[in-house]
Amino acid sequence: MKRGDTAPDFTLPDDSGEQRTLSEFLSTGPVVLFFYPMASSGGCTQESCHFRDLTEEFAEVGAHRIGISPDAVSKQRAFSAANGFDHPLLSDVDGQVAKQFDVWRRFSPLHAKRRTFVIDTDHTILDVIKGELKFDVHADEALATLRKRVA
């Protein structure tokens, strides 16, 4: 998936077990979908907390933040509770959605690549942010893309 592509719709359980669909989020604003390899690991915690800490800035541009990893719902729930996240964490245990977004590693214990997609309300991908070790960059760059969108 690259800038200009159409993001596929999908449904996955969130950290409370509720089924969530991408198109439902997009009906009320753009989405920042950030894939991370493993809940509660150091880098993933740093990245997810940075998204949490920019809550007001993302609200100003009307965007939803959604984390997604191959972790089970129960692990996502514990990760969210431990860090006070105000955004949903989706559980993609079999990697179905990660494969659709081309961020799935078949031969690694950390199956999901760290990748962030900024998705407009019509499912168009506005930006793809890469960087396995750039934990704080993803949220900042996504926010910059969204600010350009509303300017």
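Which side chain makes a polar contact with the side chain of R114? Point 5 takes this up.

1. Basis. This is a predicted model: local features need pLDDT of at least 70, side-chain atom pairs count only at pLDDT 80 or more, and totals for chains, interfaces and linings use all residues. Residues are numbered from 1 along each chain as its sequence is written, and side-chain values use heavy atoms, without hydrogens and water.

2. Fold. The chain has six helices and seven strands. Their order is β-β-α-β-α-α-β-α-β-α-β-β-α. The radius of gyration is 14 Å, close to the 15 Å of the globule rule for 151 residues, so the chain is as compact as a globular protein of that length. Helices (H or I, at least four residues) and strands (E, at least two) are DSSP runs, numbered from the N terminus. The radius is taken over C-alpha atoms; the rule is 2.2 Å times the number of residues to the power 0.38.

3. Packing. Of the 151 residues, 53% are buried (under 20% relative accessible area, 1.4 Å probe, protein chains only). Take contacts (heavy atoms within 4.5 Å) between residues at least 6 apart in sequence: 64% join residues at least 24 apart.

4. Charge. There are 18 positive and 23 negative side chains, with the centres of the two sets 7 Å apart. Lys and Arg count as positive, Asp and Glu as negative; His and the chain ends are not counted. Charges are placed at NZ of Lys, CZ of Arg, CG of Asp or CD of Glu.

5. R114. This residue sits in the loop between α5 (96–100) and β6 (115–119). R114 is buried, at 5% relative accessible area. The partner of its side chain is the side chain of E47, at 2.7 Å. A polar contact is a pair of N or O atoms within 3.5 Å; within protein, one must be able to donate a hydrogen and the other to accept it, and residues adjacent in sequence count only if both atoms are side-chain atoms.

How values were computed. Buried < 20%, exposed > 50% of the residue type's maximum accessible area, 1.4 Å probe, protein only.
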